[in-house]
Amino acid sequence: MLYTFYLSLTEWDMFTSPTFVGLANFRRLAADPVFHRSLLNNLKWMVVFITVPIAAGLSLAMVLNRKVRGSTFFKASFFMPMVLSLVVAGLVWSWLYNPAHGLINTVLRGIGLPQLARGWLANASTVMESIIAVGVWRQVGYVMVFYLAGLQSVNKDLVDASRVDGAGSWKSFRHVVLPQLAPITTVVIVISIIDSLRVFALVAVMTDGGPHNASNVLANYIYLTGFQWYQMGYAAAIAVVLFLLAFVFIVFYLSRIAREEDHA
Amino acid sequence: MPDYRSRRKVRKKIVSWIVFFTVLLVTTVWLTPILVALFTSVRDYDDIILRGFFALPEEVSFDSYFAAWRQGRMRQYLPNSFLITLPALGATLLLSSLSAYAISRFRFPGRRPIYYMFIFGMMLPLQILMIPVFGLSNAMGLYDTYIGLIAIHTAFFLGFNTFVLKNYMSTVPPQIFDSAHIDGCSELRIWWQIMLPLTLPAFAALATLLFTWIFNDYLWALILVRTGDKMPVTTGLASLQGEFVTDWTVIMAGSLVGTIPTLMVFVFLQRYFIEGLTLGANK
């Protein structure tokens, strides 16, 4: 990592030796529209990831935690996407999104909504959302696992007591179950934030950041600048920014853990 | 009163059926991509273009699987993945078990900072290390070798693994070790004959999870392996996309074949896999 810090202050094409350029790379970053786009896209992932999969995962866990018909099968179905590699997930979804013959456009045309059919991944206005949807598809099962585990340790007597006292199912969920799940929620939020900074393989496989960087993210931008365009110094500068972003969240999380351990 | 009660019962039943069908619907949507991949892989691509996505195939053909296996070189990629995954998995488990044992057993200065560093390392977005890892592997002459990849995987998962195992080991009552000590048992033997058997459940969970993660790694394979013959399934599949860009049936067949190993692990060891996912969180 220190090496990355050092390189971020240099200009290096991997063939000659690095030349020191001071903060020039960072000045270039500040004015680089592709960098801004990528950063914004990472933040977009983050916003979606700390809302949609967490809400969906928690709801599913609440439903499937009870003995519903076929709950084992349902659970397994939501775990499924996690078993696939991101590459496979990206390929399968690229095919679903295929403009001419893919499932999604075929269905849209079939139900009389041909105006909605489009080149999902070729269109700058839909490409990022389309890839994020794949991320959500994988993430929901992951979040559900955490909540299912958390629900095991929820005190059932308290829930029953609140019901006896006349709380409806929503009220008892909101005021009795949810507070008990708070530690799990913290972990899930931290994981979601970190995961949204880590996005790489899906973007690399599905669009490589295109069209015109509309779906680029920081990790992919590092890869492109460093390993496709051989601008290692500049790539290192992007990595430093990504590091600092992650650093803030991790330190926040660690300080919480440390505080808990001091109490224990 | 009896009327009211039975109406409540009926209402409850209706609600539970609504919930059931909603979940069933969502599950169907969730499984659709995988079913689509299966359906596509046994069809002929010209047939899809000609007669549409939903047309029932005139004949089920496994040609795409043969194509993915031979021309698509899955027959090389699959063994490669195992050659990378299994040694990395073994090395990670062995080393992390030793370091977790040390951290949980002994109080030494800097114990806590080391522990926090492990968590820190485990949470960093790995992509920021692309450049130094690439540079390091070049400098050590490990670029484009499996040793390099195996070393990287081991190094990265060591932190996470140690963290999880340490938490697990801390739950073992220390008296067991004290008595073993008094009986003249060496530390290494305590680790091997007492700690390992006791932590076996956590081991199984970690092993299934790590297998999936390492097998599915894309980043390091992309950065560190250049030669086509040496690629694992992930980067191999991604390169298929370029070659067979006109035939999605081959790409789907290849994707499914490449998923079989992790799918097997999941199907047979699902319980451990699920446990593993939350192990890091339950401190």
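Where in chain A does A:P211 lie? The tour returns to this residue after a view of the whole chain. The model on display is predicted.

**Chain A as a whole**

Begin by selecting chain A, which contains 14 helices and 2 strands. Its C-alpha trace spans about 75 × 60 × 30 Å along the principal axes. Of its 264 residues, 43% count as buried. Consider next the contacts in chain A with a separation of 6 or more: residues 24 or more positions apart account for 68% of them.

**Two domains**

Colour chain A by domain. Domain 1 is made of residues 1-31 together with 233-264, while domain 2 covers 43-230. The C-alpha centres of these two domains of chain A lie 28 Å apart. Where they meet, the contact takes 11 residues from domain 1 and 11 residues from domain 2. On the domain 1 side, 10 of the residues are nonpolar, none is polar and 1 is charged.

**The loop between α12 and α13**

Now select A:P211, which is found in the loop of chain A between α12 (201-206) and α13 (218-228). A cis peptide bond, with omega of about -10°, joins A:G210 to A:P211. Move on to A:H212, which also has its place in the loop between α12 and α13 of chain A. A:H212 is not a glycine, yet its phi is positive, at about 50°. Most residues other than glycine have a negative phi, and most peptide bonds are trans.

Is A:H212 buried or exposed? A:H212 is exposed, because 11 other C-beta atoms lie within 10 Å, and a residue with 12 or fewer counts as exposed.

**The loop between α13 and α14**

Select A:Y230, in the loop between α13 and α14 (232-263) of chain A. A:Y230 is a residue other than glycine with a positive phi, near 55°. With 13 other C-beta atoms within 10 Å, A:Y230 is partly exposed.

**Where chain A touches chain B**

Show both chains. The contact between them takes 52 residues from chain A and 53 residues from chain B. On the side of chain A, the largest share, 9 residues, comes from α14(A). The residues on this side divide into 44 nonpolar, 6 polar and 2 charged.

**The largest nonpolar core**

Which residues have the most contacts inside the largest nonpolar core? They are A:L202, A:I238 and A:A239, in a core of 156 residues. Helix α8 of chain A, residues 127-152, gives the most to this core, with 14 residues. Select A:A239 and display its surroundings. Leaving aside residues up to four places away in sequence, A:A239 touches A:T4 and A:I222, and also B:I128 and B:I131 of chain B.

**Helix α10 of chain B**

End at helix α10 of chain B, residues 200-215. From its first C-alpha to its last, this helix of 16 residues reaches 22 Å, close to the 22 Å expected at 1.5 Å a residue. Why is α10(B) described as largely enclosed by the rest of the structure? The description applies because 12 of its 16 residues are buried. Among them are B:F203, B:L206, B:L210, B:F211 and B:F215.

To see what surrounds these buried residues, display α5 (71-83) of chain A, then α4 (74-105), α7 (146-169), α13 (248-268) and α14 (270-279) of chain B. The buried residues of α10(B) pack against these helices, which belong to chain A in one case and to chain B in the others.

How values were computed:
Residues are numbered from 1 along each chain as its sequence is written. Chains are lettered from A and ligands numbered from 1 in the order in which they are written. This is a predicted model: local features need pLDDT of at least 70, side-chain atom pairs count only at pLDDT 80 or more; totals for chains, interfaces and linings use all residues. Helices (H or I, at least four residues) and strands (E, at least two) are DSSP runs, numbered from the N terminus. A residue is buried if 20 or more other C-beta atoms lie within 10 Å of its own, exposed if 12 or fewer, and partly exposed in between; C-beta atoms are placed from the backbone. Two residues are in contact if their C-beta atoms, placed from the backbone, lie within 7 Å. Ala, Val, Leu, Ile, Met, Phe, Trp, Tyr, Cys and Pro count as nonpolar, Asp, Glu, Lys and Arg as charged, and the others, Gly among them, as polar. Domain bounds come from an automatic or database domain assignment. A nonpolar core is a set of buried Ala, Val, Leu, Ile, Met, Phe, Trp, Tyr and Cys residues joined through C-beta atoms within 7 Å. The expected span of a helix is 1.5 Å times one less than its number of residues.
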